[in-house]
Amino acid sequence: MRPRRERAGAALAGAAGAALVLLAGGRQWAAVRAHGALTPVEQTLTGGELAGAVTALGWAGLAALAALLATGGWARRAVGALLVLLGAAAAWSAAGAVRHAHVLAVAEERSALLRLSGEAAVDVSRWWAVAAAGGALLAVTGALAVARGHRWPGLSARYERPGAVPASARPARPAPAADDPIGLWKSLDRGEDPTADDG
C-alpha cells in the first residue's frame with residue numbers, strides 16, 4: 001500500500017475510533033432498579049456519569065490524531081505511542097465502568113433511596129462496548145503509526161515545489177525607497193516588511 005493511502009486509512013480509522021468513544025460516552029450505559037424499596041427507584045446512568053475519563057480520552061485522541069498528521073519522524077512515532085496509551089486507557093475505562101459494584105456505587109451516590117433499599121437490579125447496555133471498540137481502534141492506529149509512520153509523508157510536503165529554495169536561503173533584496181509606491185507594493189507581495197529598518 002502506498003504511504004499516502006496508508007496514512008489516510010490510519011487517520012480515518014483513528015477518527016472513527018475517537019468518534020465512537022465520544023458518541024458512546026453520552027449514551028446510557030446502565031440502569032439501576034430497586035422495586036423492593038418504600039418508593040420504587042429507577043436510575044439511568046450514561047457513560048460520562050460512570051466513567052468521565054472515557055470522553056476526555058476521546059477528545060485527547062482526536063487532538064493526538066491531528067498531531068500525528070502534522071508531525072514526522074520520531075515525533076510521529078511518539079504521538080503514535082501516545083495514541084496507543086489513550087486508546088488502551090479508553091477501552092479499559094469503559095470495561096471497568098460497567099462492573100456491578102461500580103454502577104451501584106455511582107447510583108447510590110445520586111439517590112439515598114437506593115441505600116435504603118434491599119437488592120437492586122443492574123441492567124447494562126452495549127454502549128460501553130462501543131466505547132471500548134473505539135478505544136481499540138485508536139490503539140491500533142497508534143501502533144500502525146509507531147511501526148510504519150516514518151514512511152508517511154507530512155502535511156506540508158504535498159504543497160512544496162520540487163527544487164524550491166527556502167526563504168531563509170534566498171538573497172536579501174534592497175528595501176524600496178519610501179517615495180516608490182510600486183516598489184513598496186511589490187515588497188508587500190513578496191511578504192517583506194518595507195517599513196523594517198535593516199540598519
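**Helix packing and selected residues in close-up**

**Close-up A. Helix α1 passes helix α3 in a left-handed crossing.** A crossing is left-handed when the near helix is turned anticlockwise from the far one by less than a right angle, and right-handed when clockwise. The model is predicted: local features require pLDDT of at least 70, and side-chain atom pairs count only at pLDDT 80 or more, whereas totals for chains, interfaces and linings use all residues. Residues are numbered from 1 along each chain as its sequence is written, and side-chain values use heavy atoms, with hydrogens and water left out. The axes of α1 (residues 3–25) and α3 (residues 52–70) come within 8 Å of each other and cross at roughly 165°. The two helices are therefore roughly antiparallel. Axes are lines fitted to C-alpha atoms, for helices over the stretch in contact, with angles from 0 to 180 degrees between N-to-C directions; under 35 degrees is roughly parallel, over 145 roughly antiparallel, 65 to 115 roughly perpendicular, and the rest oblique. On the α1 side, Arg7, Ala11, Gly14, Ala15, Ala18, Val21, Leu22 and Gly25 are in contact (heavy atoms within 4.5 Å). Their partners in α3 are Val54, Thr55, Gly58, Trp59, Leu62, Leu65 and Leu69. By class, this contact of α1 with α3 comprises 10 nonpolar, four polar and one charged residues. Nonpolar covers Ala, Val, Leu, Ile, Met, Phe, Trp, Tyr, Cys and Pro, charged covers Asp, Glu, Lys and Arg, and the others, Gly among them, are polar.

**Close-up B. Helix α3 packs against helix α4 at an angle of about 160°.** The axes of α3 and α4 (residues 73–97) are 9 Å apart. This angle makes α3 roughly antiparallel to α4. The crossing of α3 past α4 is left-handed. From α3, the contact draws on Val54, Leu57, Ala60, Gly61, Ala64, Leu65, Ala67, Leu68 and Leu69. These meet Arg76, Val79, Gly80, Leu82, Leu83, Leu86, Ala89, Ala90, Ser93 and Ala94 in α4. The contact of α3 with α4 contains 15 nonpolar residues, three polar and one charged.

**Close-up C. Helices α4 and α7 cross at roughly 165°, and their axes come within 7 Å.** Consequently, α4 is roughly antiparallel to α7. Their crossing is left-handed. Residues of α4 that make the contact are Arg77, Gly80, Ala81, Leu83, Val84, Gly87, Ala88, Ala90, Ala91, Ala94 and Ala95. Those of α7 are Trp128, Ala131, Ala132, Gly135, Ala136, Leu138, Ala139, Thr141, Gly142, Ala143, Ala145 and Val146. Divided by class, the contact of α4 with α7 has 17 nonpolar, five polar and one charged residues.

**Close-up D. Ala139 lies in helix α7 (residues 127–148).** Ala139 counts as buried because its relative accessibility is 16%; buried means under 20% relative accessible area, exposed over 50%, and partly exposed in between (1.4 Å probe, protein chains only). Leaving aside residues up to four places away in sequence, Ala139 touches Leu83, Val84, Gly87 and Ala88. The C-alpha atoms of Ala139 and Ala88 are 6.0 Å apart, although 51 residues separate the two in sequence.

**Close-up E. Gly73 is located in helix α4.** With a relative accessibility of 34%, Gly73 counts as partly exposed. From C-alpha to C-alpha, Gly73 and His150 are 5.0 Å apart in space, while they are 77 residues apart in sequence.

**Close-up F. Val103 belongs to helix α5 (residues 100–110).** Val103 is buried, its relative accessible area being 0%. Its contacts, not counting residues up to four places away in sequence, are Ala30, Val32, Leu45, Leu50, Ala97, Val98 and Val122. A distance of 9.1 Å separates the C-alpha atoms of Val103 and Val124, which are 21 residues apart along the chain.

**Overview. The protein has eight helices and three strands.** Along the sequence these elements follow the pattern α-β-β-α-α-α-α-α-β-α-α; helices (H or I, at least four residues) and strands (E, at least two) are DSSP runs numbered from the N terminus. Of the 199 residues, 33% count as buried. Among contacts between residues at least 6 apart in sequence, 71% join residues at least 24 apart. The protein exposes about 11,900 Å², with carbon and sulfur atoms supplying 62% of that area. Accessible areas come from the Shrake-Rupley method with a 1.4 Å probe; for residues, only the protein chains shown count as cover.
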